[in-house]
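Work through the exercises below with the sequence and the model open. Each task is followed by its solution in steps.

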Amino acid sequence: MKNGLAKRAFATCLFAGALAFPSYASACSVSAARDVFGYEAQTQIILEVEAAMARAQAQHGVIPAAAAAEITANAQAALIPQDAFDAEYQIVRHRMVALLNVWRRSLDADGDQYVHFGATTVDIYGTTTIIQADRSLGSLDRCLAETIAIMSDIAARHAQTPMIGRTLGQHAQPITFGKKVSVWVGEYTRHRDRLADLRRRLRRSAILKGAVGNYSGLGEQAIAVEQSFAAELGLDSPYASDWSGTRDVLAEYGLVLGLIARSHQRIGQEFFLLQGTDIGEVREAQRPGVVGSSSMPHKRNPRAPERLVHAGRVIPRLAEVLSDDVVNLFERDNTSRLTPVIEEISVGSVGAVRVLNTLLSGLEIDSERMFDNIALTRGFAMSQRVAFALAEFMPREEAEALVKEVIARAIVSETDFIDELMNEPRISQHLDASALAQLMSPLRIEQPAIEQVDRVIAEAAEHGGGQ
């Protein structure tokens, strides 16, 4: 396709060459996600759970108010240093007993008597895990909001930047880079919706139902205590049913994170291909001093895309472990050791979004290369436009057959599509050179396509993400 004039117009009207987005201060913190599961933070959550239970029991006359006040006042992880806990655990070989034994050294007689009163370890650790998962989703949601904001900015900037659309690996029809990215904006907006739905179930999953889940040993006020217990923790009214033998909500947690990771993987894989030498439409930012290859100095390898692809393989495997735990034994089962898996999948999920956001924020977009790549098929990507225009003058099937005939001749003669179109009297009598040039221009972007990008960005903003 003879596109020199169109390309110069493109460079003037839009922005030719590579465009790098400015760096940004990310609010997506992997260390913050990891800290939720560290010894001190986890111990603090356990103590807060114990204190909330004590206050709830005191509200309903199960234990003295003085005992609840003593337990709450001393719910401080600093009172259970890890070396003391480790030493006690080596003796008793039970995490909760070791923690309580060390903690009791700081409690008065009332606190010592009523701490962990009537509780089972499974409920305390189960509620702790729910809180950790909920806080992790809060971190992940903030990361995804940042993702959508960056994507929305790219989509808005490139709503009219033509590139070739590809189907089944082949050139199909022109789209815009903004349209491509807007697809991701919509996808990640739905991911945030999924997190919100999941958090509603997590926040109803505080549990204080006893050893077999029927409140046995917790007294006549057990149900009211559990309600107050959840409220003390800032969680919602607990499910009436016992979930310790099902763990479907934790399985859903893994599955949602796995789905998000699959999105990362697909985008990473696409960037892997788009920045390949043969396509070259985007480039990953690379800091000075970064080495692409030990033996080939010219290489600029796709580091972040590889990490996203890896995350899309690993995180769904961890999700499988959590979903496997739906199939367990009777009312309680402790064969799965969920906490390490939840920690790994939670931290890994935040880490993957951090990689994606860094990649997107520094992405170099070569709009000229995108324009040049459209021309690789010598204009054939515009064939549908020509067929539709001809259908105004002849039956649609006849128009499509005629366009296919012209394409076949252009392939054999190795000429540009537009030249063969102008040389065909059955076409030129209806469409002159000016009309064909308009139809063949990649710069011709129809209004609904531009509006689509704008609508996606607006919908994301209404959800609390985007611009």
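Buried means under 20% relative accessible area, exposed over 50%, and partly exposed in between (1.4 Å probe, protein chains only). The model is predicted: local features need pLDDT of at least 70, side-chain atom pairs count only at pLDDT 80 or more, and totals for chains, interfaces and linings use all residues. Residues are numbered from 1 along each chain as its sequence is written, and side-chain values use heavy atoms, with hydrogens and water left out.

**Exercise 1.** Which parts does the salt bridge between Asp325 and Arg247 tie together?

Step 1. The closest N and O atoms of this pair are 2.7 Å apart.
Step 2. Asp325 is in the loop between helix 12 and helix 13, and Arg247 is in the loop between helix 10 (222-232) and helix 11, so the joined parts are 78 residues apart in sequence.
Step 3. Asp325 and Arg247 are both buried.

**Exercise 2.** Assign the ring pairs Phe85 with Tyr89 and Trp184 with Phe271 to a class.

Step 1. Rings of Phe, Tyr and Trp (its six-membered ring) pair if their centres lie within 6.5 Å; planes under 30 degrees apart are stacked, over 60 edge-to-face, and the rest tilted.
Step 2. For Phe85 and Tyr89 the centres are 6.3 Å apart and the planes at 20°, so this pair is stacked.
Step 3. Phe85 and Tyr89 are four residues apart in helix 5 (residues 82-92), about one helical turn.
Step 4. Phe85 is buried at 11%, while Tyr89 is partly exposed at 25%.
Step 5. Trp184 and Phe271 have centres 5.4 Å apart and planes at 75°, so they are edge-to-face.
Step 6. Trp184 belongs to helix 9 and Phe271 to helix 11, so the pair joins parts 87 residues apart in sequence.

How values were computed: Helix = DSSP H or I, 4+ residues; strand = E, 2+ residues; numbered from the N terminus. Salt bridge = Lys/Arg side-chain N within 4 Å of Asp/Glu carboxyl O.
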